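Hi,

Here is the structure I promised to send over.

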Amino acid sequence: MKIIHLSDPHIFTDKIHGIDPVDRFKKALDHINTNHNNADLFVITGDITDQGDKESYQLFQEIVDSINLPKNLAPKLIIGNHDNRKIFIDTFSFTKLDNNGFIQYFIDIEDNKFIFLDTNLEGTDQGHFCNQRQQWLINKLEEGLEKNIYLFMHHNPLPTGHIKSDGLGLQQIKEFKKILIKYKEVIKHIFFGHQHITTSGKYLGITFSSPRSTWSPLIPNFSETFRLGTAYTDPNYNVILLQKDSLIVHSEDFLKAHVDWLDYTIK
Ligand SMILES: [Fe+2]
Ligand SMILES: [Fe+2]
């Protein structure tokens, strides 16, 4: 299986911090369509828009429609702190909700269960995962004990060593940790976004990864003094190869797409 994981396009009708999020998102989609149109799953992990306004969601949809992606690349969406749940639901008729009205759903493909979580709380940039959402996740994990389970969420569920940004991660770390420990045999990987950095590692025995934003990529911030503004580095998205005995995360720096291919014969 091939999974495309893109995050934080922050679609807006104008430039933000001097960068055009629309232009970059279009370039990312073009790159995906050209190079990975055989992918089985395409997920965008939140901060779909920068302001959570209707116009930006409609613009997002127009961009996606303009690229003519094949059916298998119809993006699965979750929301981040910059999104607005109500306007998202009003705009996208395909939105799936859990019983409590959160944008949480799952997809089963072969032996795999992909679970999409909602960590948005209106009025804050921090991630929240209330009791209702926790219980929904526990129910889905219980239903998927025979499967390989993959979680997609916007906020980082663990501090990632970004001293000035970790406070904006998931606030119910303790509760989430309890769930991960209980189901660590079936949860195979956690995909998230939010910090706009390429990161990967292992947490409680479960591997995780995140791509940078397609709009404003950041670098690891180990500064105790400053928060990051803009980093003039490359945006990217991740390509995950899911095989029987491995999970490989590649990064695609889609702005630097030109390649001089050489004829190559293995000797
Ligand atoms: Fe973001
Ligand atoms: Fe975010």
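What is the strand order in the open sheet of five strands? The order is 3-2-1-10-11, and the pairing is mixed. Before the rest, some housekeeping: this is a predicted model, where local features need pLDDT of at least 70, side-chain atom pairs count only at pLDDT 80 or more, and totals for chains, interfaces and linings use all residues. Residues are numbered from 1 along each chain as its sequence is written, while chains are lettered from A and ligands numbered from 1 in the order in which they are written.

Back to the sheet. Strand 3 (76-78) and strand 11 (246-252) are its edges, each pairing on one side only. Pairing needs at least two DSSP bridges between two strands; strands are DSSP runs of E, at least two residues, and helices are runs of H or I, at least four, both numbered from the N terminus. Strands 1 (residues 2-6) and 2 (residues 41-45) run parallel, with four bridges, and Ile 4 has Phe 42 as its bridge partner in strand 2.

The other bit I liked is helix 4. Its buried residues (20 or more other C-beta atoms within 10 Å of their own, C-beta atoms being placed from the backbone; exposed means 12 or fewer, partly exposed in between) are Arg 133, Trp 136, Leu 137, Lys 140 and Leu 141. They span an arc of only 135° around the axis, so they sit on the same side of helix 4; the arc is taken from the directions from the helix axis to the C-beta atoms. Asn 131, Asn 139 and Glu 142 are exposed on the other side.

Cheers
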